[in-house]
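Look at the model shown here.

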Amino acid sequence: MTRINHQLLNQNFFVPKWEINHLFLGTFNPEGGDDVSYFYGRKRNQTWKLLSEIFKEEFNPEEFDIFLTKLKKHQLACMDMIKSVKVREEDISFVTGKGYSDSKLINNVNEREHNTANIIDVIKKNPGVRVYSTWGKGPKIKNWNIEIDRIGSIINLTSPSMAARVPKGTKKYDYMFKDWSSKIKNKLCIPIT
């Protein structure tokens, strides 16, 4: 088994310290995978495009200092459920690239170090925060569900990946936007059009 750490684990923002109204939970950004400056940084991911439309502010993680300032202004933050994982040699490429398969990551074979305690701490420090997940219905294995249940109420959003499935006959991005904006708008002080 090989340990793979979260690639942002040692960044100051891995556990956000600013005031948060919206916390978005993902699964894992592996070391050895695509380099990202912040969570949801992979090219096929629509998170920042969606949130740019919803909050009427351009979020571009490539302009990192400006991006971080905008996150703080809108009281947004992201965290991942997993800090590190021990995987079999034959599964490394699935975890660090080749589809970033959650089924290869979250199963009964790999050993995961969860980030749940940090997430719960952030939630406690931000009363009223809305917590969203982007993993859909998620895995059905017991130890994963125990960690999720510890967090409490989570609003499920359609996966922001262009590889995600949506109902037949719908445009992926339009479907994502409708789902995200309807679930996030209740907490916003700005009108959604």
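Tryptophan 180 touches Phe24, Thr47, Leu50, Leu51, Ile54, Thr134, Leu157, Thr158 and Pro160, leaving out residues up to four places away in sequence; contact means heavy atoms within 4.5 Å. Tryptophan 180 sits in helix α7. Helices (H or I, at least four residues) and strands (E, at least two) are DSSP runs, numbered from the N terminus.

This is a predicted model: local features need pLDDT of at least 70, side-chain atom pairs count only at pLDDT 80 or more, and totals for chains, interfaces and linings use all residues. Residues are numbered from 1 along each chain as its sequence is written, and side-chain values use heavy atoms, with hydrogens and water left out.

Two residues count as buried, a term for under 20% relative accessible area, with exposed over 50% and partly exposed in between (1.4 Å probe, protein chains only):

| Residue | Relative accessibility |
|---|---|
| Tryptophan 180 | 0% |
| Histidine 6 | 1% |

Helix α7 (residues 172-184) also meets helix α1 (residues 47-55): their axes come within 10 Å and cross at roughly 50°. Axes are lines fitted to C-alpha atoms over the stretch in contact, and angles run from 0 to 180 degrees between N-to-C directions. The contact includes Leu50 and Ile54 of α1 and Met176 and Trp180 of α7.

Histidine 6 lies in the loop between β1 (2-5) and β2 (22-26). Its side chain joins that of aspartate 80 in a polar contact of 2.7 Å. A polar contact is a pair of N or O atoms within 3.5 Å; within protein, one must be able to donate a hydrogen and the other to accept it, and residues adjacent in sequence count only if both atoms are side-chain atoms.
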